[in-house]
Amino acid sequence: MCELFGFSSKKKFPINEYLKEFYSHSDEHPHGWGLVRLEGNEAFIEKEPVKASESTYLKERLKAPIESRNVFAHIRYATIGNVDYRNCHPYTRKDSTGRRWTQVHNGTIFDYGQLDSYFKLQEGDTDSERILMYLVDKINGKMEELGRKPKARECFSLLDGIISDMAKGNKLNMMLYDGEYMYIHTNYKNSLYYLEKDGSVLFSTQPLSTENWKPVPFTTLLVYCDGKLVFTGTNHGNEYIDNEENLKLIYQAFSNL
């Protein structure tokens with residue numbers, strides 16, 4: 001299982017200590033690391049297909065302050081897709097208006113036929129990349145339907161329905177940013193926590209300090225802006241629970257990497 005980190009705030013302040021603790025978990029997630037500073041419509045991505053704790057680049061990078069109002073980080077445990085740069089998170093993609101969407105994902109899509117058409121179009125091999133391609137295409141479709149750029153609540157309503165449906169039978173912990181709003185979702189128990197601090201909010205697969213981290217509300221899409229919760233989606237109830245068949249599929253996929 002990969003691990004995710006997210007940060008949303010009205011003001012910039014250094015988050016290096018949280019990131020250092022996050023990347024220290026890479027012994028159990030050795031197949032790549034990623035970091036992205038999200039500045040409006042720009043995504044400044046840094047990533048490598050190597051264990052974070054063994055990356056000379058990352059070690060040096062974390063010596064300088066990491067300051068941004070919105071940040072994602074990722075450490076990868078490969079289940080779908082080979083260990084190479086193309087399969088490291090984050091992923092980013094622009095919609096037809098030029099708005100940039102950036103995503104990190106933890107989980108596995110076992111059965112969601114709507115993603116199948118992207119196998120031949122994606123750059124890498126991961127189901128995570130296919131999710132982002134699909135979501136951006138659906139946003140483009142909504143724009144064509146409306147004849148204009150969807151408003152924030154319209155985008156939220158569309159994604160709330162899609163993610164609720166995609167979560168059926170699939171492990172779907174993900175974070176998504178559209179240049180203004182940060183979308184957060186988990187449907188796997190005890191696998192995503194949040195910390196509210198100094199007008200900001202941090203998210204992580206595991207608590208990163210002794211502070212008051214709390215479980216992220218479950219099976220519900222949440223949307224944040226400037227560190228504040230602005231939209232809460234439907235509690236769709238599509239919890240992912242490991243079962244023997246899915247664990248076998250993951251093992252088979254991993255053994256073929």
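Select arginine 148 to begin: this residue is partly exposed, at 36% relative accessible area (buried means under 20%, exposed over 50%, partly exposed in between, with a 1.4 Å probe and protein chains only). The term stands for a side-chain nitrogen of Lys or Arg within 4 Å of a carboxyl oxygen of Asp or Glu. Glutamate 154 is partly exposed too, with a relative accessible area of 22%.

A quick note before you click on: this is a predicted model, where local features need pLDDT of at least 70 and side-chain atom pairs count only at pLDDT 80 or more, while totals for chains, interfaces and linings use all residues. Residues are numbered from 1 along each chain as its sequence is written, and side-chain values use heavy atoms, leaving out hydrogens and water.

Next, pick glutamate 39 and lysine 12, joined by a salt bridge at 3.8 Å, N to O. This one links distant parts of the chain: glutamate 39 sits in strand β2 (residues 33-39), and lysine 12, 27 residues apart from it, lies in the loop between β1 (3-9) and α1 (16-23). Helices (H or I, at least four residues) and strands (E, at least two) are DSSP runs, numbered from the N terminus. Glutamate 39 is partly exposed at 25%, and so is lysine 12 at 47% relative accessibility.

Hop over to lysine 63 and glutamate 60, where the closest N and O atoms of the salt bridge are 3.0 Å apart. Lysine 63 is exposed at 58%, whereas glutamate 60 is partly exposed at 43%.
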